Amino acid sequence: MKSKTSLSKGASVNTIFNTAIWKRNIVGGWGIWAGLFLFWLVFRPLMTYFDLQQFGWYLDADAASKDAMYIHEMITHIWNQRAFTIFYAVSAVAVAMFVFSYLFTPRNSNMLHTYPVSRISLFTTNFISGFLFLMVPLVIASVLELLVGMDFGAVDAQVVKHFFLCMGTAALENLFFFSAAVCMLMFVGNIIAVPVLFFILNFFCKGCVMIVEAMVSVVCYGLEMYELEVNAHLLAILTPIQYMRNIGVFDVSEGDTFQYPFSHGAELAGYTVAAVFFIAAAIIAYKKKHVETAGDVVTVGWLKPIFRWGIAICVSAAGALFIAGISYEQSFALILTSVSVIGAAAFFIAQMLLERSVHVFTKKRVRECLLYTVIIGACYFGLDADLLGLETKVPSLDQVEAAKMDGELAMYSEAEDEISWIQEIHRQVIGSKKQFEQEQHNQMLRRAVFTYYLKDGSTVRRSYWLPDSDAAADLVSRIRARASEPEVILANYFGIHYPDIEVYGGTLLDYSDGAHNQEVRISQAHAKKLYQAAVKDIEAGHFNLSEDEKQEPVETTARDLRLVLNVRDEGGFKTPDTMGSGMVVQKDAEAEIMILPMYTYLNEEMQKLGYLSK
């Protein structure tokens, strides 16, 4: 039951801050705050001193620019705190565990809560003293860093402004991590579970998304490297330890001056609101906390089923993915069996942690585990049966801005007829799912990847392995026939807007003996002639070779030569190689052609222009 003494009414009991507890924390925690001060002393004033000293040795400039460079270097050092985000998190958990350490054992918890001190007083005193543990050493070391900068003449009004801005940012980040750790302490009573769960929850959202994406990629046909349609910015924000490294000042140079815009201030405000929420939740939970739960992994009853099921779901999915990764046959039966067996084991292990006992196989828990297995199994069956339509999803033509195909055929197009052809091939692959899956393990495989760039800015990507068998013979022959068409090859080399391009120069590269030995510039006139010769070879079918054949060097010269043509496409140069995630479309590009003996027209033109000997 809840301790009533610590919540008794009285003048001394109702004080918000207790001096005796404050002194106990300061004296008892001297090792923590001294260690933090030593850490910041090394990485703030000492590191800044040595860096500024070394910076001055190599700085060769007039007085004015020298002062400006020192100021820039000092501001850079002040904002080095972005690299310490993980240390903020670690120290926040350590300090929270110290100031609330009495909550980990029933004896200490009962003893402290029998004193005439209210829980509000205990909470506020411990919280304030813990937060000061984190901030006071950092502030003192940072002030010393500022004094070091003054000794080098690297401090002005701008530096002081950034000093206060940086300290404010550090305070809010520490407040967030500390309040989150304290809040967790009110729901978790085990000294080992607190840091483990704290860091798991910091990466929980991203980890769950990764597990779901990986499982969908393994179970569903064609969804290799599947990505959930999750807002990437929101997902990043929900991973605080990583995202907070982006908060701060990044210098932007403009000529001889430097600008220091503060980035992600809105997100920092959001984390501050979250910290206030954590503090409020921690206070409410502490008021209702039962002292008998000290030492329990989870101290709140309604969280225990969530803990059991959450552990079972995540561990079983990770375990099944591991088994599928080391197994040659990634069948659904193997996945389902692994998930069921590992999930049941994880379920009862989680219950053992909750009960702190191995005697957990009661009828109630066995029935709950069976219910869990049935529900999770139904979810996996639904995924395998494609109830969500992920496997059969082919975007309609009116939704698609452009389509791309990779593998046996490299093709990118924004034309409706070509997009429609890619969709037709894609649907044929989907329709052959059972045949292809049955023969995949006994046949050589060929890859086919379909990517659709939708008008709403999203992307749909599917990837398949095609068996080299009679089942896929018709499909593969269609793909190869398309790949050998001159217009497809021309688009691969010179972009989808061919022939509306301009060739304005080039370079002949010699990679003989595996080294780049020679580079010859080609004039615009010669480049255009070589370009026209290459087009004639493509139209004559001389480029219809396998990738292995195209790696052979030029026999007539015994040299490995590459012709690089400088191309300008006013509509933006786009080929299957240049279009992809994060690619920037530019007007100027390079079209590289390996000089092979079967390129008759190109070889003749190069000999005529004097680039090859006869």
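Predicted model: local features only at pLDDT ≥ 70, side-chain atom pairs only at ≥ 80, totals over all residues.

Residues are numbered from 1 along each chain as its sequence is written, and side-chain values use heavy atoms, with hydrogens and water left out.

I turn to salt bridges. A salt bridge here is a side-chain nitrogen of Lys or Arg within 4 Å of a carboxyl oxygen of Asp or Glu. By this rule the count comes to 19.

Lys587 is partly exposed at 43% relative accessible area, whereas Glu570, at 53%, counts as exposed. Strands, like helices, are DSSP runs numbered from the N terminus: E of at least two residues for strands, H or I of at least four for helices.

Next, Arg568 pairs with Glu502, the closest N and O atoms being 3.9 Å apart. Because Arg568 lies in strand S11 and Glu502 in strand S9 (residues 502-510), this bridge ties together parts 66 residues apart in sequence. Arg568 is partly exposed at 26%, as is Glu502 at 35%.

Strand S11 (residues 561-568) also holds Arg562. Is Arg562 buried or exposed? With a relative accessibility of 18%, Arg562 counts as buried. Its side chain makes a polar contact with that of Glu592, at 3.3 Å. A polar contact is a pair of N or O atoms within 3.5 Å; within protein, one must be able to donate a hydrogen and the other to accept it, and residues adjacent in sequence count only if both atoms are side-chain atoms.

Finally, helix H13 (residues 304-326) has 23 residues. From first C-alpha to last, H13 reaches 33 Å, close to the 33 Å expected at 1.5 Å a residue, the expected span being 1.5 Å times one less than the number of residues. Among the buried residues of H13 are Phe307, Arg308 and Leu321.

Key. Buried < 20%, exposed > 50% of the residue type's maximum accessible area, 1.4 Å probe, protein only.
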